[in-house]
Amino acid sequence: MGAREDTKSLNNLAIQAVGALLGAKLPAQGMARCPLPDHNDTTPSFEIRSGGLRWICYRCDEKGGAIDLVIAARRLPFSEAKQWLAEASGLFARPLRQGVQQRRRPPAPVVPRQSLRPTQSPVPTDLGETQADHELYASLLGAAPLLSTGRNYLLGRSLSDRIIARFAVGQMPSVDAMIRLVDQFGFARVEASGLLTKTSTRDRYWPIFPAGALLFPYLEGGRVAYLQARIIMGEAKGSRWRNLNHRKRRLFNTDVLVASSTNHVAICEGAIDVLSAAELGRDAIGLIGVSARLTDAEMIALRGKQVDLLLDWDEAGDKRAVTLRKELSRFGVAATRKTAPKSGAKDVNDYLREGNASI
Ligand SMILES: [Zn+2]
């Protein structure tokens, strides 16, 4: 993404969300008191319009979009206002300009509107540890289209548009999408869905997945039962994979277990390898982490199918293959450990990237 695209993405932030980052409470649309520092506005003379993306103050005689609001409120030159907004919104996980020292600090909190939200849906009463909030996850995914950064990353790993689309991979949107989600579903429900960090409260909350991260939906019966993110930009401490907060992890792509047409199932490590296996013509399920276990029901569903273990060809993968074969055999499932490719490929994606067409 170049500088022009950065500007465009930042100007797609809702004025309401930018106001929140600046410490001002603004409506999504319509008249409000002017948040600019020199204007002690007693009668609302500030208007948010154009679908919430533009503002005008009839007194200050100033107007513009998201970046212009930061310029006016913080008295920053354009490039610094852009930098500030990029950092505060978490929209870009990398410095906007090469050579700009990025400060290490947590992203700015999202400050929600204080008003009552009569439109919000009640918390479903059956939201147990294993019950997924399909509706809420689907709503987030609907607001999280794959961008060129995400697509290029996946193409770089030899995955095709066809497979990317089949698995409905998205990309985490900016913080204002989370504000809209809380507006729509209510804080308690978004919190229960695992999409907020542990330290989040009703007044200050942070998305669990950083903006720009790839979003992998765990589809079960065609519904989104879980979400996992992979950070593809900037620096990341520890693993680049992020899971939902306080939600039970699931197996990726379990729909292949119930497809009666599927007689061969491969077991891989992680979502990218499942997509890679699909690229190589294989139906696969993915463990989150090599030590993840299958439930009894999942092992029973594998009965009568030919199972290949495509775990990573490393020490951990080899070890897990031995224990997994034992666990499966207790359920009457015979599994074969696929021997390591002669090329030295360490996982299914490596193998795909070597130019192979099947496995
Ligand atoms: Zn004003």
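My entries on these topics follow.

**Ground rules.** I am working from a predicted model, where local features need pLDDT of at least 70, side-chain atom pairs count only at pLDDT 80 or more, and totals for chains, interfaces and linings use all residues. Residues are numbered from 1 along each chain as its sequence is written, and side-chain values use heavy atoms, with hydrogens and water left out.

**Zinc.** I looked up what holds the zinc ion: C34 (SG), H39 (ND1), C57 (SG) and C60 (SG) coordinate the zinc ion at 2.0 to 2.3 Å. Donors here are N, O and S atoms within 2.8 Å of the metal (3.2 Å for Na, K and Ca); water is not among the atoms, so sites may look incomplete. The donor spacing in sequence reads C-x4-H-x17-C-x2-C. C34 sits in the loop between β1 (30–32) and β2 (46–49), C57 in strand β3 (residues 54–57), so this pair links distant parts of the chain, 23 residues apart. Helices (H or I, at least four residues) and strands (E, at least two) are DSSP runs, numbered from the N terminus.

I then checked the angles: the 4 donor atoms subtend 101 to 122°, which makes the arrangement tetrahedral. For four donors that label requires all angles to lie between 85 and 135 degrees. The ideal is 109.5 degrees for four tetrahedral donors.

Are C34 and C57 buried or exposed? C34 counts as buried at 8% relative accessibility, and C57 counts as buried at 1%. (Buried is under 20% relative accessible area, exposed over 50%, partly exposed in between; 1.4 Å probe, protein chains only.)

**Helix α5.** In α5 (residues 134–142) I found H134, L136, Y137, L140 and L141 buried. Their cover includes α8 (175–185), α9 (187–192), β6 (214–220) and β7 (223–230), with contact meaning heavy atoms within 4.5 Å.

**Salt bridges.** A search of the whole structure gave me 13; each is a side-chain nitrogen of Lys or Arg within 4 Å of a carboxyl oxygen of Asp or Glu.

- R337 pairs with D318, closest N and O atoms 2.6 Å apart. R337 lies in strand β12 (residues 335–337) and D318 in helix α13 (residues 315–329), so the pair ties together parts 19 residues apart in sequence. R337 is buried at 18%, whereas D318 is partly exposed at 39%.
- R320 meets E327 at 3.2 Å, N to O. R320 is buried at 7%, and E327 is buried at 7%.
- R353 meets D350 at 3.7 Å, N to O. They are 3 residues apart in helix α14 (residues 348–353), separated by about one helical turn.
- D133, E135 and R189 are linked in a network of salt bridges.

Definitions and conventions:
Four donors count as tetrahedral if all angles lie between 85 and 135 degrees; four count as square planar and six as octahedral if opposite donors are over 155 degrees apart and all others between 65 and 115; anything else is irregular.
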